[in-house]
Amino acid sequence: MARRALITGITGQDGSYLAEFLLEKGYEIVGMVRRSSTVNFGRIRHIQGHLRLVQGDLLDQVSLIDILSEHRPDEVYNLAAQSFVPTSWKQPVLTGEFTALGVTRLLDAIRVVYGPGRGVRFYQASSSEMFGKVREVPQTERTPFYPRSPYGVAKVYGHWITVNYRESYDMFACSGILFNHESERRGFEFVTRKVTHAAAKIRLGMESKLPLGNLEAQRDWGFAGDYVRAMWMMLQQPEPDDYVVATGETHSVRELCQVAFARLGLDYRDHVTVDPALLRPAEVDQLVGDASKARRVLGWQPSYSFESLVDRMVDADLELLRHGAG
């Protein structure tokens, strides 16, 4: 029989790529979505007929128990969260409810439905934002956490409660400490998509300027499609563990702008401005991951370079805008 996977956050960037990947492997996919009058199915519309979408909420443990009891997935991927870092300062309590306590509700629902032991395999989406004010460069699975945003703090809680349930109840529970991973499906509020989309708009004469915050912030950016493959690989191992997933390269927001605008024959310096209102209250200056363990144990490696990823996103945004959909 086909294996069945439950994906929370299936309508997001990672959820859509993971659903595609698992469908190709013959999985049955149950996707959890929150009840809303404005749910955006755009990222999964092309595969929606192959998915079973169910209503549930990380704020409501009863709904999680009901979904697990009815569908009995073999694997659970928890990708749902309040995942935009700037919003976490404006809505810190809500961020904690979804991104921290939501993980506990889901893990405890698994414990209630399946009991102690390894009746289901669980993946938690941890984040490089947990490292924050980094204690060492590059960051590994053993690097101490020092989060610098309510989002990062909530992710640290979600990470450690996953470890705790693994050790307390012998659950097969893994956390993937994923560094920044992007694609043309990224939300417009994220800096990578903001840059590529604005560059395309400027090239088409639809805009002239792009205001940004800290241009010197450095991140380790990879392709989201590569990173969901690592999620699946973690759950296929004989023992549960945690893994850093990253490219091992760091690039600044300024470099991102340079590559994106150059793809369209533009000089970013003619268009990008710094807006102090977009600066974070507490900045994360540099993140760069050491994915040696994932390469060694999982056999994982990225397929996209930084430049090829940015080019892909710029090309997609240009095509989108030319067809009047952007």
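Local features were taken only where pLDDT was at least 70 and side-chain atom pairs only at pLDDT 80 or more, whereas totals for chains, interfaces and linings use all residues of the predicted model. Residues are numbered from 1 along each chain as its sequence is written, and side-chain values rest on heavy atoms, with hydrogens and water left out.

Helices (DSSP runs of H or I, at least four residues) and strands (runs of E, at least two) are numbered from the N terminus. Helix α1, which spans residues 13–24, has twelve residues and reaches 17 Å from its first C-alpha to its last, close to the 16 Å expected at 1.5 Å a residue, where the expected span is 1.5 Å times one less than the number of residues. Ten of the twelve residues of α1 are buried (under 20% relative accessible area, with exposed meaning over 50% and partly exposed in between, for a 1.4 Å probe and protein chains only); among them are Tyr17, Leu18, Phe21 and Leu22. Gly26, which has a positive phi near 90°, follows α1.

Helix α2 (residues 61–71) packs against helix α4 (residues 92–114) at an angle of about 45°, with the axes 9 Å apart; axes are lines fitted to C-alpha atoms, for helices over the stretch in contact, and angles run from 0 to 180 degrees between N-to-C directions. α2 is therefore oblique to α4, given that angles under 35 degrees count as roughly parallel, over 145 as roughly antiparallel, 65 to 115 as roughly perpendicular and the rest as oblique. The residues of α2 that meet α4 (contact means heavy atoms within 4.5 Å) include Leu64, Ile65 and Leu68, and the contact of α2 with α4 has nine nonpolar, two polar and two charged residues.

In the second pair, the axes of helix α8 (residues 253–263) and helix α10 (residues 306–322) come within 9 Å and cross at roughly 55°, so α8 is oblique to α10. The contact involves Glu255, Leu256, Val259, Ala260 and Arg263 of α8, together with Phe306, Glu307, Val310, Asp311, Val314 and Asp315 of α10.

Gln124 lies in strand β5, residues 121–127, and is buried, with a relative accessible area of 1%. When residues up to four places away in sequence are not counted, Gln124 touches Asn78, Val103, Lys155, Gly158, Thr162, Cys174, Ser175 and Gly176. The C-alpha atoms of Gln124 and His159 are separated by 7.2 Å, although these residues are 35 residues apart along the chain.

Technical notes: Nonpolar A, V, L, I, M, F, W, Y, C, P; charged D, E, K, R; others polar.
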